[in-house]
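Trainee: Please take me through this structure. I would like to know what each term rests on.

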Protein chains: 4
Amino acid sequence: MFSFKNDYSEGCHPLILEALTRTNLEQTVGYGLDEHCIHASELIRNAFSCPDADIHFLCGGTQTNLTAIAAFLRPHHCVIAASTGHVNVHETGAIEATGHKVITLPAEQGKLTPEHIQQLAADHTDEHMVKPGLVYISQSTELGTVYTLAELEAISHCCRENGLLLYLDGARLGCALSSADCDMRPADLSRLCDAFYIGGTKNGALFGEALVIVNEALKPDFRFFVKQRGGMLAKGRLLGIQFEELFRSDLYFQLGRHANTLAQQLQEDLEDAGIPMLLRSPTNQIFPILTPDLYARFKSLALFEDWSTLPDGRRVIRLVTSWATTQQQVDDFLRALL
Amino acid sequence: MFSFKNDYSEGCHPLILEALTRTNLEQTVGYGLDEHCIHASELIRNAFSCPDADIHFLCGGTQTNLTAIAAFLRPHHCVIAASTGHVNVHETGAIEATGHKVITLPAEQGKLTPEHIQQLAADHTDEHMVKPGLVYISQSTELGTVYTLAELEAISHCCRENGLLLYLDGARLGCALSSADCDMRPADLSRLCDAFYIGGTKNGALFGEALVIVNEALKPDFRFFVKQRGGMLAKGRLLGIQFEELFRSDLYFQLGRHANTLAQQLQEDLEDAGIPMLLRSPTNQIFPILTPDLYARFKSLALFEDWSTLPDGRRVIRLVTSWATTQQQVDDFLRALL
Amino acid sequence: MFSFKNDYSEGCHPLILEALTRTNLEQTVGYGLDEHCIHASELIRNAFSCPDADIHFLCGGTQTNLTAIAAFLRPHHCVIAASTGHVNVHETGAIEATGHKVITLPAEQGKLTPEHIQQLAADHTDEHMVKPGLVYISQSTELGTVYTLAELEAISHCCRENGLLLYLDGARLGCALSSADCDMRPADLSRLCDAFYIGGTKNGALFGEALVIVNEALKPDFRFFVKQRGGMLAKGRLLGIQFEELFRSDLYFQLGRHANTLAQQLQEDLEDAGIPMLLRSPTNQIFPILTPDLYARFKSLALFEDWSTLPDGRRVIRLVTSWATTQQQVDDFLRALL
Amino acid sequence: MFSFKNDYSEGCHPLILEALTRTNLEQTVGYGLDEHCIHASELIRNAFSCPDADIHFLCGGTQTNLTAIAAFLRPHHCVIAASTGHVNVHETGAIEATGHKVITLPAEQGKLTPEHIQQLAADHTDEHMVKPGLVYISQSTELGTVYTLAELEAISHCCRENGLLLYLDGARLGCALSSADCDMRPADLSRLCDAFYIGGTKNGALFGEALVIVNEALKPDFRFFVKQRGGMLAKGRLLGIQFEELFRSDLYFQLGRHANTLAQQLQEDLEDAGIPMLLRSPTNQIFPILTPDLYARFKSLALFEDWSTLPDGRRVIRLVTSWATTQQQVDDFLRALL
C-alpha cells in the first residue's frame with residue numbers, strides 16, 4: 001500500500017534525528033532560551049533577511065496560529081480568511097476560542113484578493129460589527145496553490161492601507177517557496193508580512209514551527225502569550241536543534257523541492273493518462289478528479305484523503321508527497337495504476 | 001559546573017531515543033490515532049488499573065492542565081488550588097485565559113487539606129460568587145512533598161461530597177509514586193481522581209504528558225478540546241512511542257527512583273553537614289537554607305534555582321535531580337562542597 | 001421630520017411608565033428575586049403555555065444572546081445562524097468573544113432551512129472541525145419575515161435529529177406572533193424551541209428581554225451566567241414591572257399588531273404607488289427599493305436606515321414602525337410623499 | 001420592618017422619574033449617541049474637571065468593570081485587587097471570564113497599599129507568571145472606608161512607576177466624595193486615575209454607571225467593547241437622562257451626603273449604646289458587631305446583610321442607608337431598638 005495521505009506520516013529527516021541524538025545529553029537552559037534556539041533564530045534571520053525579527057519556536061500549526069493571532073489582536077478585532085483557510089475550517093474554532101471572529105471571503109483556488117479584502121473593510125464601519133484586524137493567508141494554500149510576488153504585494157499594500165495586519169501561515173512554506181510557480185524570495189515575506197511562520201512539521205521535522213515576527217509593535221511580551229497558551233516547551237532546545245539542521249544548509253528548501261518534484265510527476269502523468277485535476281497545483285498537494293471506477297482503483301493501491309464530491313458524482317481526492325516520499329514509490333504507484 | 005537546576009535540562013532516556021530512531025520511517029496515521037499511541041494507552045491502563053480510562057497524549061504540562069480543566073468545567077466554575085500550585089503561580093494565567101477563576105487556599109508544604117476545601121465550598125453559596133468546580137492538586141507537590149494515601153482519600157471523599165472534580169497534576173508523578181514516603185499505588189489514583197496526568201517531560205521523555213480520564217462524564221468529545229487548544233500533535237505517534245518505552249517495563253518508576261535516591265543523598269549529606277532544609281522532601285526536589293557564605297559557595301559550583309529569601313536574609317534554593325543525574329555528579333558535587 | 005428609523009426611538013408605553021411610577025418607592029430584594037419578577041414570570045409561563053420553564057430577565061438582546069448561548073454550549077460547539085442573523089452581523093462578535101464560532105448558512109429572506117442545517121451537520125464529523133451545537137433563528141427575522149409553524153416544526157425536528165439545540169431570538173417576537181402570516185401560537189415556541197427570548201426593548205418597554213428556558217438540561221445555575229456576564233440588574237424589579245404590564249393583559253401582542261398594521265399600510269401604499277419592495281414583509285420592517293430621485297425625496301421627509309445598494313444603483317432602505325408610531329404620522333408621511 | 005439591606009431597594013429619585021416621564025415620547029437616536037447622553041457627558045466632564053475625558057454609560061457595576069478591564073488589558077495582564085474587592089469576590093468570576101487573572105493583596109479595612117502593590121510588581125518578573133497590568137480599587141471600599149487624597153496619590157504614583165493602570169470602581173462614589181473623611185475633590189480622580197466609574201445605581205438612579213476614561217491610550221474603539229460585551233443599551237438615552245438629573249445640580253453629592261448622615265447617626269447611636277463596630281466607616285455602610293441576643297433583636301426589627309461571624313461567635317452585620325432612607329426611619333428604628 002502506497003501512502004499519499006499527508007506530509008506528516010513519518011518521523012523526521014535523518015540529519016535531524018542525528019542532531020537530536022548527538023545533542024541528547026547536553027545540558028541546556030529550558031523554554032527556548034538555549035544556544036540551539038539562539039543559533040537557529042540567527043540562521044532563520046539570515047535566510048529570510050530579517051535581521052531584527054523576533055523568532056519563537058512552537059510545537060504545531062494550530063498552536064502557532066492561535067497564539068500569534070490572539071496576541072496580535074484586541075478583543076473587537078476579527079480575522080479575515082479565505083473560506084478554505086485552515087484557521088477557518090480545520091482548527092476546531094481555535095481562533096474563536098480566543099475570542100475573535102473569523103470572517104471568510106470567497107477564495108478562488110484558496111487565495112484571497114485585495115478587492116475582497118478592501119470591500120470587507122469598507123463594509124465594517126461601526127461598533128455594531130467587529131473591526132477587521134488581521135488578514136490570514138496560507139502559502140502554499142490549502143489547495144496547493146501559491147501566491148505570486150505581485151499578488152502578495154497587492155495584498156500587503158491593501159492591508160497597510162486599511163490598517164490590517166498581514167499574517168502568513170507557512171505550514172507548507174518550504175514547498176511554496178521552492179515551487180516553480182513561486183517568484184518570491186524568502187526576504188519578500190519579511191518585507192510584506194507583519195508575521196509569518198515557517199512550517200517544520202510538514203517539511204522534515206519531528207514537529208515544530210518557527211514564528212517570525214517582523215512588525216516591531218507585535219514583539220513585546222510575546223513569550224508570555226506562548227506560555228499562557230501552553231506552547232512553551234520545557235526542552236525548547238528540541239525545536240532549536242531541528243531548525244538548526246533545516247537552515248544550517250539549504251535543507252529546508254531542498255526538502256520542499258523534492259516533494260514538489262514528485263507531486264508534479266504524479267500530476268503530469270495522471271493528466272497525461274486523462275485524469276483531470278481540480279486545479280493545477282505547483283506544490284506537493286494535487287487534486288485528481290476520479291470517476292467511481294478510478295476511485296476504486298486508487299483506493300486499492302494507496303492511502304489518500306477524500307476532498308469533495310462533485311455534483312456529477314465524481315470524487316476529488318488529495319495526493320500529498322513529502323520529503324520522505326521516494327522516487328521509487330511514485331514510479332511504482334504510477335506503474336501499478338496506469 | 002554541576003547542574004541541579006531542573007529535571008528537563010537534557011534530552012531523553014537512551015531507550016526512548018532508540019525507539020524514536022527505530023520507528024522513524026514507519027508510516028502512521030496522524031493525530032494520535034496510530035498503533036503506538038494505542039499500545040501506549042493500553043500499557044498505561046494496565047499500569048494504573050483503569051481498564052476503561054481514556055488516555056490522551058499532550059506535549060506539556062501547562063497545555064495539559066489548561067486543556068483538561070477548560071474541558072471539564074462550565075463557565076461559572078472555579079478551580080481550587082494551593083497557593084503554591086503550578087496552575088496558580090507558574091502558568092501565566094493559562095487557566096484564567098480559558099475563563100475560569102483559580103481560588104487559592106493556604107497550603108502547608110504545598111498540600112491542600114479537606115478542611116480548607118470544605119470551608120471554601122461552604123462559603124460559595126450563591127450566584128454572586130463563582131461555583132467551586134474542580135480541585136487541583138500536584139503529586140509530588142511544587143515543594144517536593146507527597147500526599148499520602150490517607151490524605152488523597154480524604155480529599156477525594158471531600159470532593160465527592162461537595163460535587164467537585166478532583167484533578168491531579170502528575171508532572172513529577174514518577175518521583176512521587178516511587179518515593180519512600182508514598183504509600184499509594186498507581187491504581188489508587190485511578191480510583192480516587194476524576195482525571196490525572198502522568199508526566200513524561202520531567203521523567204525521561206523528550207516531551208509529553210499522558211492525560212488519564214477516569215470519570216465517564218468527562219470523556220466525550222475530548223479530542224475536540226485537544227485540537228482546539230493547539231495540543232494535537234500531527235505526528236502524535238512521537239508521544240505514543242515515548243510512553244511505550246516508559247511503560248513497556250518498569251522504566252517510568254525506575255527513573256523516578258533513581259532521581260529520588262540521588263536527591264535524598266544530597267538532602268541527607270547536606271543536613272549532616274549542618275545545612276537545614278525548608279522542609280523534608282522525599283522526592284527529587286530539595287530546598288536547602290543557605291547563609292550568604294554558603295550561598296556563594298553553592299553558586300560557584302552549581303546551577304540551581306533561587307526559591308525565596310527568609311526574613312533573616314538566608315536564601316532558600318532548590319536542587320533538583322533527574323533520570324539524567326549521575327551518582328558521580330552527586331558524589332563529586334558533595335565532595336567539592338563539603 | 002418623520003422617523004421610521006427603528007422601534008426603539010422613544011421611551012416606553014404609558015402603562016409601563018405608570019407602573020414604574022406607582023412602584024417607585026416600594027422596597028424589594030434585588031437581582032430579580034422580587035415579587036414583580038416572580039409575577040411577570042408567571043404571566044409569561046401562562047401566555048406561552050410553559051408551566052415549568054425558567055424565566056430570566058435581561059437588559060438587552062446582545063446580552064441575552066451571548067449569555068444564553070455561552071451558557072448552553074461546551075467550548076467546542078459552534079452556533080449555526082443565517083448569514084443575516086443578528087448574532088452574526090450586528091453584535092460585534094459577542095458570541096465569538098465567549099469562545100464560540102458562528103457558522104453561517106445561506107438564508108433566503110432571512111430564514112434558515114432544515115436542509116442546510118442537515119448538510120452542515122453532516123459535514124462536521126471530526127475533531128478538526130467545530131461541533132455543531134445550537135441553531136440560532138430570529139422570529140421575526142432581520143428582514144421582517146416570519147417562520148411559519150410548519151417551517152419551525154421542520155427546523156425543530158432537524159435539530160432534535162442532529163442533537164442540536166434550537167434557540168430563537170425574539171427581539172421582535174411581538175410583531176412576529178401578531179402578524180398576518182404567522183400561523184403559530186406562543187405555545188408552539190415552548191414546544192419547539194429549547195430556549196427563546198421575548199423582546200421588550202423593541203415592543204414598548206424601556207428596555208428588557210425575557211429569556212424562556214424550556215429544556216430542563218439548560219436550567220441549572222443559569223443565574224450564575226447572568227451575573228458573570230454583567231447582565232444581573234441590581235434593581236431587577238424594573239424588568240419584572242415592565243413585563244408585568246406587557247403580559248398582564250394582551251398588551252404585548254396589541255403593540256405588535258399596531259406596529260404591523262402601520263407598516264403594512266406603508267408597504268401597500270408604496271407598492272400601489274409603484275415602489276417595489278425587496279421582499280414582502282408581514283411585520284413592522286419593510287424594505288422599499290428606491291431610485292435616486294425617490295431616495296432623495298424620502299431622505300427629505302423622514303429618518304430611516306440604508307439597507308443596501310443594488311447593482312443597478314437603486315437603494316434599498318428600511319422603514320420601521322413601532323408601538324409609538326401613530327396613524328397620523330403614517331398618513332401624513334404618505335400624503336407628503338405620494 | 002425597616003430595611004437597611006442595601007442602597008438599591010427602591011426605584012429612583014423623584015427628579016429622575018420626572019425627567020424620564022417628561023422625555024418619554026421624544027424621538028432620539030439609539031445606543032447612547034443622543035443629546036441627553038451628550039449633555040450628561042458634558043456635565044460630568046465639568047463636575048470632574050476632565051474636559052477631554054471620554055464618557056460611556058453602562059447599565060451596572062459588574063458590566064462596567066468587566067467591559068473596561070477587558071478592554072484596557074492585553075491577554076497576559078492580571079488585575080491587582082484587594083482580597084475584599086468586588087471584582088474578586090462578588091462578580092462570579094466576571095473578570096476571569098474575559099481571560100484575566102485577579103491577584104489579591106491583603107487589604108486593611110478594604111484598602112490597598114502602595115507597598116503591597118510594589119512588592120507584587122517586583123515578584124512578577126518573567127513570562128511564567130502573569131504580568132501586572134491594572135490596579136483595581138473601590139471608593140468607597142466594600143467596607144465603607146475611603147481612601148484619603150494622600151493614599152490615592154501614593155497608589156497612583158506607584159502605578160505610574162510600575163507601568164500599571166489605575167482603575168477606580170465608584171459604585172458608591174457619591175457617598176465617598178461627600179463623606180467627612182474624604183479630603184479629595186472630583187478633579188483629583190481625573191488627575192490620578194486612568195479610568196473610573198461614577199455609580200448611579202446605588203445613588204439615586206434606576207440603574208446606570210458612567211465610565212470616565214481619562215487616559216488617552218484607553219479611549220480608541222471603546223464603543224466596540226461596550227457592544228461586544230452586551231452593555232450597549234438600545235435606548236441609551238435612559239442613562240443620559242438619569243445622569244443629566246444627577247449632575248445638572250449638586251444632586252449626586254447631596255444624595256451621598258444624605259445617606260452618609262443617616263448612617264453616621266446609626267453608627268454613633270449604636271456605639272453610644274455600647275455596640276462595637278468592625279471598623280469606623282465614614283460612609284453609608286456600617287458594620288456593627290452583635291451578640292446573639294442583640295442579633296435576634298436586630299433581626300426582629302430590620303432587614304440587613306450578614307457579613308461574617310467572629311471566632312467568639314458574635315455576628316458582624318452590615319447596615320446600609322441610601323438616598324431613599326428617611327430621617328424618620330432611622331429615628332424610629334433606633335427608638336425601637338435601644
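Mentor: Start with two helices: helix 1 of chain C passes helix 11 of chain C in a right-handed crossing. A crossing is left-handed if the near helix is turned anticlockwise from the far one by less than a right angle, and right-handed if clockwise. Helices (H or I, at least four residues) and strands (E, at least two) are DSSP runs, numbered from the N terminus.

Trainee: What kind of model is this, and how are its parts numbered?

Mentor: This is a predicted model, in which local features need pLDDT of at least 70, side-chain atom pairs count only at pLDDT 80 or more, and totals for chains, interfaces and linings use all residues. Residues are numbered from 1 along each chain as its sequence is written, while chains are lettered from A and ligands numbered from 1 in the order in which they are written.

Trainee: What makes helix 1 of chain C oblique to helix 11 of chain C?

Mentor: Helix 1 (residues 14-22) and helix 11 (residues 237-248) of chain C pack at an angle of about 135 degrees, with their axes 9 Å apart. Axes are lines fitted to C-alpha atoms, for helices over the stretch in contact, and angles run from 0 to 180 degrees between N-to-C directions. Angles under 35 degrees count as roughly parallel, over 145 as roughly antiparallel, 65 to 115 as roughly perpendicular and the rest as oblique. The angle of helix 1 of chain C with helix 11 of chain C therefore makes the pair oblique.

Trainee: Which residues of helix 1 of chain C meet helix 11 of chain C?

Mentor: C:Leu15, C:Ile16, C:Ala19 and C:Leu20 in helix 1 meet C:Ile241, C:Gln242, C:Glu244 and C:Glu245 in helix 11 of chain C. Contact here requires that the C-beta atoms of two residues, placed from the backbone, lie within 7 Å. By class, this contact of helix 1 with helix 11 of chain C has five nonpolar, one polar and two charged residues. Ala, Val, Leu, Ile, Met, Phe, Trp, Tyr, Cys and Pro count as nonpolar, Asp, Glu, Lys and Arg as charged, and the others, Gly among them, as polar.

Trainee: Why is helix 12 of chain D called roughly parallel to helix 14 of chain D?

Mentor: Helix 12 (residues 251-272) and helix 14 (residues 327-337) of chain D have axes 10 Å apart and an angle of about 10 degrees. That value puts helix 12 of chain D in the roughly parallel class relative to helix 14 of chain D. Their crossing is right-handed. D:Leu262, D:Gln265, D:Leu266 and D:Asp269 of helix 12 meet D:Gln327, D:Val330 and D:Leu334 of helix 14. Four nonpolar residues, two polar and one charged make up this contact of helix 12 with helix 14 of chain D.

Trainee: Where do helix 2 and helix 11 of chain D stand?

Mentor: The axes of helix 2 (residues 35-47) and helix 11 (residues 237-248) of chain D come within 8 Å and cross at roughly 35 degrees. This crossing of helix 2 and helix 11 of chain D is left-handed. The contact of helix 2 with helix 11 of chain D has nine nonpolar, three polar and three charged residues.

Trainee: What makes D:Phe2 count as partly exposed?

Mentor: D:Phe2 has 19 C-beta neighbours inside 10 Å, so it counts as partly exposed. D:Phe2 lies in strand 1 (residues 2-3) of chain D. Not counting residues up to four places away in sequence, D:Phe2 touches D:Leu301, D:Ala302, D:Gln329 and D:Phe333.

Trainee: How do you know that a two-fold axis relates chain D and chain C?

Mentor: A rotation of 180 degrees with 0.0 Å of shift along its axis superposes chain D on chain C, with an RMSD of 0.0 Å. That is the relation of a two-fold axis. The same surface serves both copies, as 100% of the contact residues of chain D recur in chain C. Copies are superposed by least squares on the C-alpha atoms of residues with pLDDT of at least 70 in both.

Trainee: How many residues of chain D are in contact with chain C?

Mentor: 40 residues of chain D are in contact with 40 residues of chain C. The side of chain D that touches chain C has 16 nonpolar, 19 polar and five charged residues.

Notes. A residue is buried if 20 or more other C-beta atoms lie within 10 Å of its own, exposed if 12 or fewer, and partly exposed in between; C-beta atoms are placed from the backbone.
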